[in-house]
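Dear colleague,

I am handing over the structure we spoke about, and I would be glad if you could look through it with the notes below beside you. The sequence and the coordinates come first, and what was found in them follows.

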Amino acid sequence: MLTGLNPARAAADGKKNASLRNRLNNFLIREGFRHRSVESPAAAANYMPLASHTRKPTFSLPRDYLRRRRLTRQVTNVALILILSMTAAYVITRPTGGGTAFSISHALQPNAQSAAAVFPAAPPARALPNASVPTYSDGYHLQAGPFPVKEIDDIVVHDDGRNKDIHMRLFYPTDLGKFPVIIFSHGAGGSQNCCEVLTKHWASYGYITIQPTHDDSALGRRNSGEENMRALQAVRDALKIPALWENRPRDITFVVDSLPELEKRIPALAEKIDANRIGVAGHSMGSFAAEAVAGATVDLPSRPATSFLDHRVKAVLCLSPQASGQFGLSDGSFAKISVPYLGVTGSKDSLGPLASPDWHKLPFRLSPVGDKYHLFIDGANHMSFTGARALAAIDVPRADAIVGYTNSASLAFWDAYLKTDARAKEYLHSGALPASSHGSTELSRR
């Protein structure tokens, strides 16, 4: 017989332990981890009702069932989240071989330093393994370039030979170094205020862009005193007055002549202008000016086949190129365009019976073979190339994409022929632009 054990105390401890066990058991039942046991009358007697003081609803499920179902649902949700997360990680990080649609950064938008405007931002171009030329699967340098850009919104230079003032707008890189020059000629009735979605973007990649205002400008004519001048009237005059045709290429040549003066008058341009690398771009009537300084001959009254060739111009870009029957041009006008040439048009680039997309392609077809390119963009109209908001008839994403295609081709063209960048030229030859546009563009060369 054991000694030292107080029977009364042992009985009290046993009752206390039984009470603790009952409470633990009730807790486990309440939380759904144990079923209520009624296997013996003793167990039933010791069981304390969990909600004896509450009113039961008309219909309810056993608590253990609800708890198990809730626990099962939580485990299932966690498992699904893990599976979906792992799947998403695989999709995002897996290697791919194809391109994606253009994602145009907001650096292409007017007045946006980092992006344009709009066209969602594109990721950096990726290079294929063991390939020397990047694929540029999202377009050629669509994000804002590496050079900070400043603007001179208006500077006036006087042409003594013609006794006229030429207003100009400039974008230029602020970094040190020498940079090629691109002169941009606006469309009929327009002004120097157009097309910064292109010219500012080019400047961010190391170009000085100069945009003169020509005599046919509606804004320029109003500023000169013709208060009632309207854009439509300015366009009609530009189409029918040969003196305005002649002044266009002469303005371009005057701007080239003025480059030393611009360096003197604008301290920020000192030692920056590379006069040996000059390109000319234009839209519509501005394309006519570019064609003329590149060597296209013009039939003026009593002066057929007049040449405005400027040998200092090394490459020309024509948005909506001008062809036979307009501004004194004929089929034979393009036979002497020997410099690199890029024309850009679209399926909706049509202004009446004359200016169809095929008509806009004639300068490409009729000029001598060698470094000639033509970009055709499905859905692009006459104004699509100049800015994302140029024509409300085109939805914004499509308009942005068209500007992106234009900037990709034009910047690659300038890099290839004003900077002799072999990778840029390879891009023009590679078919990367049509591939990345999913067939929305066709880039021809000869």
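This is a predicted model: local features need pLDDT of at least 70, side-chain atom pairs count only at pLDDT 80 or more; totals for chains, interfaces and linings use all residues.

Serine 440 counts as buried because its relative accessibility is 15%, and buried here means under 20%. When its neighbours within four places in sequence are left aside, the residues in contact with serine 440 are Phe376, Ile377, Asp378, Arg398 and Tyr405.

As for the chain as a whole, it has 14 helices and eleven strands, and 46% of its 446 residues count as buried. Its accessible surface comes to about 22,700 Å², and carbon and sulfur atoms account for 57% of that area.

Nine strands form an open sheet with mixed pairing, in the order 1-2-4-3-5-8-9-10-11. At its edges are strand 1 (149–159) and strand 11 (441–445), each of which pairs on one side only, and neighbouring strands of the sheet are turned against each other by 20° on average, direction ignored. Within this order, strand 3 (residues 179–185) pairs with strand 5 (residues 273–283) in the parallel sense over six bridges, and isoleucine 182 has glycine 279 as its bridge partner in strand 5. Helix 12 (residues 396–418) packs on the sheet, where it touches strand 3, strand 5, strand 8, strand 9 (341–348), strand 10 (372–381) and strand 11, and its direction makes about 170° with that of strand 10.

Helix 9 lies across strand 3, strand 5 and strand 8 (313–319), and runs at about 135° to strand 5. Nine of the nine residues of helix 9 are buried, among them Ser287 and Glu291. The axis of helix 9 comes within 9 Å of that of helix 7 (residues 242–257), the two crossing at roughly 65°, and this crossing is right-handed. On the side of helix 7 the contact is made by Leu244, Trp245, Arg248, Pro249, Ile252 and Thr253, which meet Met285, Gly286, Phe288, Ala289, Ala292 and Val293 in helix 9; these residues divide into nine nonpolar, two polar and one charged. After helix 9 comes glycine 295, which has a positive phi near 125°.

Further along, strand 6 (residues 297–300) and strand 7 (residues 303–307) run antiparallel and are joined by three bridges, with serine 307 in strand 7 as the bridge partner of threonine 297. The hairpin of these two strands has two residues between them, and serine 302 takes a positive phi near 65° there.

Two other backbone values may be worth checking by eye. Most residues other than glycine have a negative phi. Histidine 141, however, has a positive phi near 50°; this residue is found in the loop between helix 3 (63–93) and strand 1, and it is partly exposed, with a relative accessible area of 26%. Threonine 420 likewise has a positive phi, near 45°, and is found in the loop between helix 12 and helix 13 (422–430), where threonine 420 is exposed, with a relative accessible area of 69%.

With best regards

Note on methods
Residues are numbered from 1 along each chain as its sequence is written. Side-chain values use heavy atoms; hydrogens and water are left out. Two strands pair if DSSP finds at least two bridges between them. Helices (H or I, at least four residues) and strands (E, at least two) are DSSP runs, numbered from the N terminus. Buried means under 20% relative accessible area, exposed over 50%, partly exposed in between (1.4 Å probe, protein chains only). Accessible areas come from the Shrake-Rupley method with a 1.4 Å probe; for residues, only the protein chains shown count as cover. Axes are lines fitted to C-alpha atoms, for helices over the stretch in contact, and angles run from 0 to 180 degrees between N-to-C directions. Contact means heavy atoms within 4.5 Å. A crossing is left-handed if the near helix is turned anticlockwise from the far one by less than a right angle, and right-handed if clockwise. Ala, Val, Leu, Ile, Met, Phe, Trp, Tyr, Cys and Pro count as nonpolar, Asp, Glu, Lys and Arg as charged, and the others, Gly among them, as polar.
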